[in-house]
Amino acid sequence: FKVFVQGEPVSFKVVKIDIKNNLALIKIDKNDLSTIGFAESDKIKLGQAVFLVAPTSTQQDNWLVNSGIIRQIELGVIKTNILETQAIAGSPLFSSTGELIGINFVDQEGKISAVSIDKIQALLGL
């Protein structure tokens, strides 16, 4: 895979892989990047409003935004009611306050689901 920051390719190194949850921790060769906070897992609730932001190409200004609610939380997976046909795998799922809730994938029903913040924090050793 390739990694882009503001439309420009950057070199990276895979630091850690979690095959079971389809996650990878990478280190990119770039400094002074913005960061976001993690949602507290015990405050993530059914019916909570969520949104996703995903690039539609490697161009800097080509983004997709969608929103919905959490419809199920099960075994480290957050299921939403968001239908999306664009390739959004690996994009972030956010709370309405902008905190990271999970990393998105499309489930068997064609809806957006996300690997939960608990699994992401476990990969990071937090």
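Helices (H or I, at least four residues) and strands (E, at least two) are DSSP runs, numbered from the N terminus. The model is predicted: local features need pLDDT of at least 70, side-chain atom pairs count only at pLDDT 80 or more, and totals for chains, interfaces and linings use all residues. Residues are numbered from 1 along each chain as its sequence is written, and side-chain values use heavy atoms, with hydrogens and water left out.

**Exercise 1. Trace the strand pairing from strand 7 to strand 9.**

Solution. 
- Two strands pair if DSSP finds at least two bridges between them.
- Strand 7 (residues 77–83) pairs with strand 6 (residues 63–74) in the antiparallel sense, over four bridges. Here isoleucine 73 stands opposite isoleucine 78.
- Their hairpin has two residues between the strands, and leucine 75 takes a positive phi near 50 degrees.
- Strand 6 also pairs with strand 5, antiparallel, over seven bridges. Phenylalanine 51 faces serine 67 of strand 6.
- Strand 5 runs antiparallel to strand 8, joined by three bridges. Leucine 52 has leucine 93 as its bridge partner.
- Strand 8 pairs with strand 9 in the antiparallel sense over three bridges. Phenylalanine 94 is opposite leucine 100.
- The hairpin of strand 8 and strand 9 has four residues between the strands; glycine 98 takes a positive phi near 85 degrees.

**Exercise 2. Describe the largest pocket and its lining.**

Solution. 
- On a 1 Å grid over the protein atoms alone, a pocket is an open set of points where a 1.4 Å probe fits, with protein on both sides within 12 Å along at least five of seven lines; lining residues have an atom within 4 Å of a point.
- Volume is the space filled by probe spheres set on the points. The largest pocket has about 2000 Å³.
- Its lining has 43 residues, and Val3, Ile26, Gly90, Pro92 and Ile103 are the closest to its centre.
- Elements giving two or more residues include strand 1 (3–5), strand 9 (100–106) and helix 1 (117–124). Strand 4 gives the most, with six residues.
- Now sort by class. Ala, Val, Leu, Ile, Met, Phe, Trp, Tyr, Cys and Pro count as nonpolar, Asp, Glu, Lys and Arg as charged, and the others, Gly among them, as polar.
- The lining has 28 nonpolar, 13 polar and two charged residues.
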